[in-house]
Amino acid sequence: MMPDEENLYDLAELFKVFGDSTRIQILYTLLDHEKSVGDIAEELGMNASAISHQLRVLKQAKLIKNRRAGKNMFYELADDHVAVIMRMGLEHIFE
C-alpha cells in the first residue's frame, strides 16, 4: 500500500538533508561515538560556525541529538537507523 502524500513528502525532505556532502561528513564522523562541535570541526578541517549551522539542520531533521556537559555540547546520531542509512548508502555506491 502506498504511503499517503504527506508521508512521502516528509521522506523526500529527509533525503534532501542527505544531499549535502558536509552533512554527510558530519554524520560519518558521528558513526562511532559522540563528539563536540570543536572535535567535528577539527576532524573535518572546517570552522566551528559552519559545523554548527549544519548541526542545526541535522538536528531539525531528527538525524542527530545533543547533550550538554558544562559549557560543551556533544552530538551523536539520533538512533541506529541513521547509521544503517549511512552504511547502506556506502554499500550501494561501492557495489
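Predicted model: local features only at pLDDT ≥ 70, side-chain atom pairs only at ≥ 80, totals over all residues.
Close-up 1. Strand 1 and strand 3 pair over two bridges, in the antiparallel sense. Three strands build an open sheet, ordered 1-3-2, with antiparallel pairing. Strand 1 and strand 2 are its edge strands, and each pairs on one side only.

**Close-up 2. Lys35 also forms a salt bridge, with Glu43 as its partner.** Their closest N and O atoms lie 2.6 Å apart. Is Lys35 buried or exposed? Lys35 counts as buried, because its relative accessibility is 9% and the cut-off for buried is under 20%. Glu43 has 46% relative accessibility and counts as partly exposed. The structure holds four salt bridges, and the Glu43 and Lys35 pair is one of them.

**Close-up 3. A salt bridge joins Glu34 to Arg67.** The closest N and O atoms of this pair are 2.5 Å apart. Glu34 sits in the loop between helix 2 (21-29) and strand 1 (35-36), while Arg67 belongs to strand 2 (residues 64-69), so the bridge ties together parts 33 residues apart in sequence. Glu34 is partly exposed, at 24% relative accessible area. Arg67 is partly exposed too, at 40%.

Close-up 4. Lys16 counts as exposed, with 53% relative accessibility. Glu13 counts as partly exposed, with 29%. Side chains of opposite charge can pair when their charged atoms come close.

**Close-up 5. Four residues make a nonpolar patch on the surface.** They are Met2, Leu8, Leu11 and Phe15. Together they have about 410 Å² of accessible area. Leu11 is part of helix 1. Its relative accessible area is 41%, so Leu11 is partly exposed.

**Close-up 6. The largest nonpolar core has 21 residues.** Which residues have the most contacts inside this core? They are Ile26, Leu27, Ile51, Leu55, Ile64 and Leu77. The elements giving two or more residues to the core are helix 2, helix 3 (37-44), helix 4 (48-60), strand 3 (72-77) and helix 5 (80-94).

**Close-up 7. Leu27 and its contacts beyond four places in sequence.** With neighbours within four places left aside, Leu27 is in contact with Phe18, Leu58, Leu63, Ile64, Leu77, Val82 and Met86. Ile64 and Leu77 are, like Leu27, among the residues with the most contacts inside the largest nonpolar core.

**Close-up 8. Lys62 has a positive phi.** The value is near 60°, in a residue other than glycine. Most residues other than glycine have a negative phi. Where is Lys62 found? Lys62 is in the loop between helix 4 and strand 2. With a relative accessible area of 68%, Lys62 is exposed.

Notes: Residues numbered from 1 in each chain as written. Heavy atoms only, no water. Salt bridge = Lys/Arg side-chain N within 4 Å of Asp/Glu carboxyl O. Buried < 20%, exposed > 50% of the residue type's maximum accessible area, 1.4 Å probe, protein only. Helix = DSSP H or I, 4+ residues; strand = E, 2+ residues; numbered from the N terminus. Core = buried A, V, L, I, M, F, W, Y, C linked by side-chain atoms within 4.5 Å. Contact = heavy atoms within 4.5 Å. Patch = residues over 30% accessible without salt bridge, like charges linked within 9 Å, V, L, I, M, F, W, Y side chains within 5 Å. Areas by Shrake-Rupley, 256 points an atom, 1.4 Å probe, with all protein chains shown as cover. Pairing = 2+ DSSP bridges.
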